[in-house]
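Please read the points below with the structure open beside them. They take a few places in turn.

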Amino acid sequence: MKKFTKIFAFAMALMMVFALQAPVSAAEKGAVIEAGVEAPEATVMTDVTKDYFALNSYPSNNTASFKVVVPYDVSGVQLRLYNYKGKQIAYKNVEPSYGGYSYANFNIKKNQAYYVRAISYITVNGQTTYGTLSSPRAFVNLNRKAFKSKTQYLNNNTKRFIIKIPKKAKFKGIKSFTIYMSKKKDTGYKKYKKVKPGTTVTISSFKKKKFKTAKDFYYIKIVPNLTKKVSSDTYVYVYQ
């Protein structure tokens, strides 16, 4: 009996040695939570890319609403708001929702460029670990009424569109605008030209064809070009 007990004890000790020497996977290493630090690359956490957040609708009443999808493997997603100079001015923590997505609202000003970045986080026992910060997405709360437009009908059964772009002093973080045109509201846009603030643009033809009074109707999209190299999610529609 004593001999059997010694053999059993030796076998258990051997198993413990092998357990201690067993390799730890990258996922297991990454699951360690550290307080208030950026997570290592091996952390098991979804990187929040631009597919996880977007403007819910065009900014209105000086409010920008973002629709956010919170991945299943994190505690939440933090949206960070930056002004046109790149300074962080606000943030919102968004937690999972039974509907599959949640919303975050920011107070903003008109005619200023803003940037939003997202980062996922895990909180355990009061300690928070952050994932990888997403690339920035930009938007502008453009005052649409400031963009004046009209259609001028000519004697030869043709017409032209006249658009007046507001002066530069009215904008912050915007250096120019690009005008696009299409016969359909949501698709088929082709670039017409890039213009500076304060410019009055007269459009008499597109693709070397003059506009006929009766049949040529176009959607004109005015997209702001920002001082930082980030494309804007917002623009102004003009229907002629």
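1. A polar contact comes first. The side chain of Asn 83 has a polar atom that lies 3.0 Å from the backbone nitrogen of Lys 85. Please keep in mind throughout that this is a predicted model.

2. Asn 83 itself sits in the loop that runs between strand S4 (76-82) and strand S5 (88-94). The residue counts as buried because its relative accessible area is 14%, and the cut-off for buried is under 20%.

3. Which residues does Asn 83 contact once its neighbours within four places in sequence are left aside? They are Ile 89, Ala 113, Tyr 114 and Tyr 115.

4. The next point is the salt bridge. The structure holds 1 salt bridge. Its partners are Asp 233 and Arg 137, and their closest N and O atoms are 3.2 Å apart. The pair links distant parts of the chain, 96 residues apart. Asp 233 belongs to the loop between strand S17 (219-226) and strand S18 (236-239), while Arg 137 belongs to strand S9 (residues 137-140).

5. Pro 59 is another loop residue to look at, placed between strand S2 (53-55) and strand S3 (63-68). At 6% relative accessibility, Pro 59 counts as buried.

6. Where Pro 59 packs can be read from its contacts. With neighbours within four places in sequence left aside, Pro 59 is in contact with Ile 108, Phe 139, Val 140, Asn 141 and Thr 234. Leu 142 is 83 residues from Pro 59 in sequence, and the C-alpha atoms of the two are 8.3 Å apart in space.

7. The last point concerns the surface. Which residues make the nonpolar surface patch of about 260 Å²? The patch is made by Val 69, Tyr 101 and Tyr 103. Of these, Tyr 103 is found in strand S6 (residues 102-107). Why does Tyr 103 count as partly exposed? Its relative accessible area is 43%, and partly exposed covers values between the 20% limit for buried and the 50% limit for exposed.

How values were computed. Residues numbered from 1 in each chain as written. Predicted model: local features only at pLDDT ≥ 70, side-chain atom pairs only at ≥ 80, totals over all residues. Heavy atoms only, no water. Helix = DSSP H or I, 4+ residues; strand = E, 2+ residues; numbered from the N terminus. Buried < 20%, exposed > 50% of the residue type's maximum accessible area, 1.4 Å probe, protein only. Polar contact = N/O pair within 3.5 Å; in protein donor to acceptor, adjacent residues only side chain to side chain. Contact = heavy atoms within 4.5 Å. Patch = residues over 30% accessible without salt bridge, like charges linked within 9 Å, V, L, I, M, F, W, Y side chains within 5 Å. Areas by Shrake-Rupley, 256 points an atom, 1.4 Å probe, with all protein chains shown as cover. Salt bridge = Lys/Arg side-chain N within 4 Å of Asp/Glu carboxyl O.
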